[in-house]
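My notes follow in the order in which I looked.

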Amino acid sequence: MIDTIKKIAGKGQERQETTFHVRLEGNMANITLPYGKENKTVCIPDERLRGTLVSGAHGYHAEKPEREIVRDAMEHPIGSPRLRELAKGKDNIVLIASDHTRPVPSKVIFPEMLKEIKEGNPNAKLTVLIATGFHRETTREELADKFGEEYLDRDDIRFVVHKSHNKEEMKEMGVLPSGGILKVNRIAAEADLLISEGFIEPHFFAGFSGGRKSILPGVSSAETVMANHCSKFIDSPNARTGILDGNPIHKDMVFAAKTLKLAFIVNVVLDENKKVIRAYAGDFDQAHREGCRFVDKLSGVDAIPADIVISTNGGYPLDQNIYQAVKGMCAAEATLPEGGVIIDVAGCADGHGGEGFYHNIADNDPAEFERACIDRPKDETLPDQWTSQIFARILAHHPVIMVTDLCDHQMLKDMHMTPVNTIEEALKLAFEMKDADAKVAVIPDGLGVVVAQH
């Protein structure tokens, strides 16, 4: 079993010791899974476990401290002058930063970016625009936790949280390749120098996170996000994990970043402990693609034939709600046959993650909702329709058992899932749904892998 696990751990990578421990005791495999800010352990009979799909990033050991990795990338930017050169003579510098739902280590990245800006322009005043996209507003407490309290009240730095539904804060910037209107936060649109931080991991319909996503959906209007995330694009075979070329959603995003003149990015790659193992800085497209190539090489795993798949969202902050948890389910979907059971392990402390998302699922039959989405014109896209459409697709083909401490089990039932409190309960139920000889695969971090079909 150990050899099997090593071989499927990532393209060109043997599985090294990580927090996703696979420990064999007698005839049982004990696998540690991230859950919220803690861990859970699943025990599976050895003869039932087909394998574990783990990104090579989780066994990758960085040779330098995090800050040094980021600093080195900024000193050797890809396709761009250094940030300190770009900052010279700029009075209105805007840094787009990820919000509370992303594990971007701003405490590592932000000081290095600020230092570089000040080296080029000692009198620079910086606006940090929080890219919430369609998410709720980030709180001051979350900003302090993300950046450090010492930065929040400085005279030369201001923090602004993007609100996608506030039309007065938006500026129209043209027409997307898809035909949607590009409206973005006025602060970003009117910057003398627009830069961003972020991280790169597989994304369930944009191919990869990071880079151009800081603009769209990050600081775009609700109207623009809904045009870009329309049902036809979501249904595209190229709008899938690990795909950029031919991806219509990605094409719109690149156009938006070019239109706003996103001049410089710092994107990082993280291990299972959310620590920086690589950094890419420079031109938003060139640096991002270089990072995506690295992530693709590490994250590629082969699908494993199984009847039941256990998946997670990699723990906090990406398992805060059901909306985000759908991403981890997509990895399970990619390796299951029709009718295969998904066991999703996610804290979901924030509940469903959006009223629109909740009602899209709870008020409809999943298969009928997915068909209705595909037939819906792009200018009639519903709020949160994109994740709802993907979740409906999953629910229409797979029973989903949710392992969570969330008390509102009725809400989970309304959303066509079976809620349980423990992984043991979930496995017992899954074996009853299939049979006692059903085979199990485990994906400790569903957001960290690109599952290849054969």
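**Entry 1: helix 9**

I began with the buried residues of helix 9, and these are Pro248, Ile249, His250, Asp252, Met253, Val254, Ala256 and Ala257. Buried means under 20% relative accessible area, exposed over 50%, and partly exposed in between, with a 1.4 Å probe and protein chains only. Helices (H or I, at least four residues) and strands (E, at least two) are DSSP runs, numbered from the N terminus.

I note that this is a predicted model, where local features need pLDDT of at least 70 and side-chain atom pairs count only at pLDDT 80 or more, while totals for chains, interfaces and linings use all residues. Residues are numbered from 1 along each chain as its sequence is written, and side-chain values use heavy atoms, with hydrogens and water left out.

What covers the buried residues of helix 9? I found that the cover includes strand 9 (181-185), helix 7 (222-228), helix 8 (231-234), strand 13 and helix 10. Contact here means heavy atoms within 4.5 Å.

I then checked the span of helix 9 (residues 248-259). Its 12 residues should span 16 Å at 1.5 Å a residue, and the end C-alpha atoms are 17 Å apart, which agrees. The expected span is 1.5 Å times one less than the number of residues.

At the N-terminal end, Asn247 caps helix 9, with a side-chain oxygen 3.0 Å from the backbone nitrogen of Ile249. After helix 9 comes Lys261, which has a positive phi, near 60°.

**Entry 2: Ser311**

I found Ser311 in strand 16 (residues 308-312). Is Ser311 buried or exposed? Its relative accessible area is 0%, so Ser311 is buried.

A polar atom of the Ser311 side chain lies 2.8 Å from the backbone oxygen of Gly328. I take a polar contact as a pair of N or O atoms within 3.5 Å; within protein, one must be able to donate a hydrogen and the other to accept it, and residues adjacent in sequence count only if both atoms are side-chain atoms.

Not counting residues up to four places away in sequence, Ser311 touches Gly328, Ala332, Ile343, Asp344, Val345, Ile443 and Gly446.

**Entry 3: His416**

I located His416 in the loop between helix 15 (409-414) and strand 19 (418-420). His416 is partly exposed, because its relative accessible area is 35%. Leaving aside neighbours within four places in sequence, I list Ile361, Ala362, Asn364, Pro366 and Leu395 as its contacts. I also noted that the C-alpha atoms of His416 and Asp365 are separated by 8.7 Å, with the two residues 51 apart along the chain.

**Entry 4: cavities**

Rolling a probe the size of a water molecule over the atoms shows where empty space is left. On a 1 Å grid over the protein atoms alone, a cavity is a set of points where a 1.4 Å probe fits but cannot get out, and a pocket is an open set with protein on both sides within 12 Å along at least five of seven lines; lining residues have an atom within 4 Å of a point.

How many cavities of 30 Å³ or more does the structure hold? I count 2. The largest cavity has a volume of about 390 Å³. Its lining has 34 residues, and Arg102, His135, Lys213, Pro217 and Gly218 lie nearest the centre. Strand 10 gives the most to this lining, with 4 residues.

The second largest cavity has a volume of about 190 Å³. It is lined by 20 residues, with His58, Glu201, Leu270, Asp445 and Gly448 nearest its centre. Strand 13 (262-270) and helix 10 (286-299) each supply at least two residues of that lining.

The largest pocket has a volume of about 530 Å³. Of its 20 lining residues, Pro103, Val104, Pro105, Asp145 and Lys146 are closest to the centre. Helix 5 supplies the largest share of the lining, 4 residues.

The second largest pocket holds about 410 Å³ of space. Among its 20 lining residues, Arg240, Thr241, Cys330, Glu333 and Ala334 lie nearest the centre. Here the largest share, 5 residues, comes from helix 11.

For the volumes, grid points are joined across faces, edges and corners, and a volume is the space filled by probe spheres set on the points.
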